[in-house]
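Visitor: I have the sequence and the structure open. Can we go through the chain contact and the cores together?

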Amino acid sequence: MEHRKPLLPTSSHEAPNPRSRKDLLVVLFGLLLLSSLVAFGGYRVSNVSHDHQRSNTNSPSPTSVPSSKWYPVSRGVSSGVSEKSSNKLFAVKEGASEAFPWDNSMLSWQRTAFHFQPEENWMNDPNGPMYYKGWYHFFYQYNPNGAVWGDIVWGHAVSRDMIHWLHLPLAMVADQWYDRQGVWTGSATILPDGKIIMLYTGSTNESVQVQNLAYPADPSDPLLVDWIKHPGNPVLVPPPGIGAKDFRDPTTAWLTSEGKWRITIGSKLNKTGIALVYDTEDFKTYELKEGLLRAVPKTGMWECVDFFPVSKKAANGLDTSFNGAEVKHVMKVSLDDDRHDYYSIGTYDEKKVFFTPDDSKNDVGVGLRYDYGIFYASKTFYDQSKERRVLWGWIGESDSEYADVAKGWASVQSIPRTVQLDTKTGSNLLQWPVAEVESLRLRNDEFKNLKAKPGSVVSLDIETATQLDIVAEFEIDKESLEKTTESNEKYTCSTSGGSKQRGALGPFGLLVLADDGLSEYTPVYFYVTKGSNGTLKTSFCSDQSRSSVANDVHKQIYGSIVPVLKGEKFSLRILVDHSIVESFAQGGRTCVTSRVYPTKAIYGAARLFFFNNATEATVTASFTVWQMNSAFIRPFHPDQKS
Amino acid sequence: MRRIPNLVSSFALHIILLASTCIPFTLSQPSVPWKEGNGDLADQICKKTPFYDLCSSILHSNPLSPKPDLKGVALLMVNNILANASDTLSYIEGLIKSTSDRELEQALAFCAESYIPLVKYILPQAADAISQGRFGFASYCISDALKEINSCNKKFSGASQAPLGDRNDIVQKLVDVASAIIKLLLKG
């Protein structure tokens with residue numbers, strides 16, 4: 001079973017064989033090289049799906065990128081996975097439009113400094129995350145040939161701390177008939193004896209979705225560079241009644257009380273999203289269980305199902321197999337139809353193979369979301385070294401595909417987040433960036449008790465504003481809270497006017513990636529309304545509508561209601577890292593991740609402001625703003641000094 | 001008797017000459033290899049590290065194989081760090097149990113969290129890597145080790161340097177020495 005292990009493409013060309021002594025051979029080789037360069041030189045923006053994209057990333061053109069007419073293109077869907085391209089949501093007229101004249105300065109600024117991303121090209125779903133022999137392993141859907149989805153294989157990286165990553169060679173490529181059309185998403189299970197089982201979806205040479213087993217070639221290699229695919233693959237094919245393209249993304253397995261291993265795989269029956277359940281003893285033969293773990297009408301295809309226990313009392317995470325009275329279970333799905341990740345908290349009946357949500361309004365696929373911005377195909381794993389459950393989420397681009405090809409890359413991952421049950425509310429999860437991200441903090445600036453009157457903007461003087469960790473607390477003055485009249489106003493971030501829509505008690509918050517003249521800015525804010533019998537309702541939003549003067553980037557406003565309990569101040573944390581802004585409210589009760597592409601508020605021109613656009617409330621705020629170091633994510637070179 | 005080709009006969013002569021000069025050398029190997037003939041090796045190596053005295057004292061107080069080489073020295077150093085770090089970890093854990101100062105306890109717990117992966121994974125993997133000739137990987141491991149020790153050190157910069165005393169300091173110096181030795185391995 002041949003195993004190609006091409007290294008991630010680097011920018012260095014390979015030197016011609018220096019040992020060739022025959023002059024003719026050298027000349028011939030030179031001619032061949034020249035002709036191949038001529039044939040493949042430069043890059044083409046192609047509108048046809050599955051075309052190989054060869055971006056010329058070695059020498060970016062000097063000043064501006066040639067502008068081009070662009071057309072919305074749908075990738076992936078024809079293969080039977082979710083929409084992977086990024087430009088279907090533009091509020092632009094049908095047909096061709098002139099793209100914004102991006103230049104290399106603007107485009108290269110967009111690369112993040114401390115979020116995981118490969119050196120170039122396209123990435124999507126996180127795969128098989130785990131902790132093994134002192135290293136965190138991260139695999140991911142990767143296209144080695146271009147900055148759009150296609151030719152998917154498994155990329156691989158390792159880290160001691162989930163922040164400083166080292167790129168390793170591709171773990172698995174599409175070299176078998178059963179994954180010829182794509183080595184798709186999968187999960188890792190670490191058995192009690194330390195053995196690693198990797199289950200993943202392969203799209204066969206006939207585009208049928210099947211499940212395959214893989215394992216490390218050398219378990220004593222802490223970096224797990226080489227992988228072996230089980231000779232008996234595939235181990236699972238779509239069962240009767242399930243569509244050939246509706247069967248993907250196997251989960252981490254958990255132990256049943258019978259000592260068998262159980263996994264779940266998402267699918268659909270007409271428009272009802274479902275999760276199939278299989279039991280196995282050896283991960284090679286499986287028994288399809290009669291019941292579905294859960295089925296919810298009108299939710300469509302369930303991708304990247306995740307199923308795990310959370311403790312009702314303690315803050316630590318739990319092994320996937322853990323069960324007991326002190327435990328609730330979480331079922332999470334990625335909805336193909338709307339490209340959002342939903343979770344539901346409930347109870348798991350092992351005998352009946354059934355999950356029941358605590359609150360039917362928050363059933364799987366219809367209730368709460370991990371993140372109200374761009375966050376998809378997420379997956380958790382149990383980190384046994386620190387006893388925590390960690391969540392990874394794919395953050396796609398929200399600019400044009402044309403710009404992605406021009407800049408030579410697309411997508412980043414969220415900073416990994418710990419996940420636990422919010423014991424104060426009992427009805428939602430809390431997510432928080434892993435503590436290790438704090439090792440990137442450099443110097444900080446503190447601002448205590450700044451008062452902002454209604455309709456004011458306060459500049460926060462920090463050195464630079466493109467790599468930040470911001471922690472903030474806000475208070476509305478008591479007088480306004482009492483005086484403000486009750487209203488029936490129902491505020492929804494996505495349909496609101498963003499930071500420009502003024503209410504009595506909001507919006508107030510921060511303007512990140514803003515320029516001095518405020519021609520570009522991204523508000524992250526709270527909006528408070530006072531309902532009947534004086535109850536306050538708080539929304540937490542991230543507003544892209546004025547984030548950039550470019551016309552070919554998303555301008556949505558993302559966010560949701562966030563529970564603010566009695567006695568709590570309004571608190572937020574924001575990680576700003578060039579073109580990604582991750583925001584967390586009330587300790588991680590509501591999270592919003594967005595991608596922003598300013599053209600002016602970049603490099604040294606980016607600023608940070610505190611704003612209060614309410615009409616009545618005076619807001620008092622305290623901030624700590626840290627400059628963040630780069631994580632220096634780079635390839636692992638075993639032959640060189642580190 | 002067939003005539004032996006000139007090439008073969010001169011070759012054979014060379015082999016015999018070489019063997020006859022080598023054997024006396026190996027026979028005269030002293031039992032403690034650092035003294036006399038090979039005392040220079042320890043000196044050579046330790047001179048290229050930031051802490052000559054420390055390096056020298058370790059190499060001289062540890063028995064080594066008859067043919068010490070750079071790789072063996074690196075391995076010896078890493079195993080020495082592992083022993084020291086394991087010791088320090090036990091010491092930290094003992095301190096945690098006996099202290100009632102909350103702040104101190106937190107700082108010590110943080111240090112324990114740095115030392116555990118060091119002792120459990122990082123140093124053993126560095127040793128394995130050196131034995132297998134994977135010096136690049138060993139280099140990564142050693143710089144990770146330095147990071148862990150530094151982060152523990154930072155917790156105690158300031159007034160209360162007392163609890164871990166010199167221990168953390170010594171481990172750090174040992175790691176610096178090992179790092180220098182591994183860099184030599186990478187060069188050669």
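Visitor: Which side chains meet in a salt bridge between chain A and chain B?
Guide: This is a predicted model. The count between chain A and chain B is one salt bridge.

Visitor: What classes of residue does chain A bring to the side that touches chain B?
Guide: Chain A gives 19 residues to the contact, and chain B gives 15. By class, the chain A side has seven charged, four polar and eight nonpolar residues.

Visitor: How many residue pairs are in polar contact between chain A and chain B, and about how much area do the chains bury?
Guide: Four residue pairs are in polar contact, both residues at pLDDT 80 or more. Carbon and sulfur atoms hold 61% of the buried area. That area is about 1,300 Å².

Visitor: Where does the largest nonpolar core lie, and why?
Guide: This core has 67 residues, of which A:F474 and A:F623 touch the most other members. Domain 1 (116–396) and domain 2 (437–628) of chain A both give residues to the core, so it lies between them.

Visitor: Which phenylalanines does A:F474 touch?
Guide: Residues up to four places away in sequence are left out here. The contacts of A:F474 include A:G509, A:K569 and A:L572. Among them too are the phenylalanines A:F508, A:F526, A:F570, A:F610 and A:F623.

Visitor: How many residues are in the second, separate core?
Guide: Its members include B:I92, B:L95, B:I130 and B:A138. The second core has 56 residues.

Definitions and conventions. Residues are numbered from 1 along each chain as its sequence is written. Chains are lettered from A and ligands numbered from 1 in the order in which they are written. This is a predicted model: local features need pLDDT of at least 70, side-chain atom pairs count only at pLDDT 80 or more; totals for chains, interfaces and linings use all residues. Side-chain values use heavy atoms; hydrogens and water are left out. Contact means heavy atoms within 4.5 Å. Buried area is the accessible area (1.4 Å probe) that two parts lose on being put together, summed over both. A salt bridge is a side-chain nitrogen of Lys or Arg within 4 Å of a carboxyl oxygen of Asp or Glu. A polar contact is a pair of N or O atoms within 3.5 Å; within protein, one must be able to donate a hydrogen and the other to accept it, and residues adjacent in sequence count only if both atoms are side-chain atoms. Ala, Val, Leu, Ile, Met, Phe, Trp, Tyr, Cys and Pro count as nonpolar, Asp, Glu, Lys and Arg as charged, and the others, Gly among them, as polar. A nonpolar core is a set of buried Ala, Val, Leu, Ile, Met, Phe, Trp, Tyr and Cys residues joined through side-chain atoms within 4.5 Å. Buried means under 20% relative accessible area, exposed over 50%, partly exposed in between (1.4 Å probe, protein chains only). Domain bounds come from an automatic or database domain assignment.
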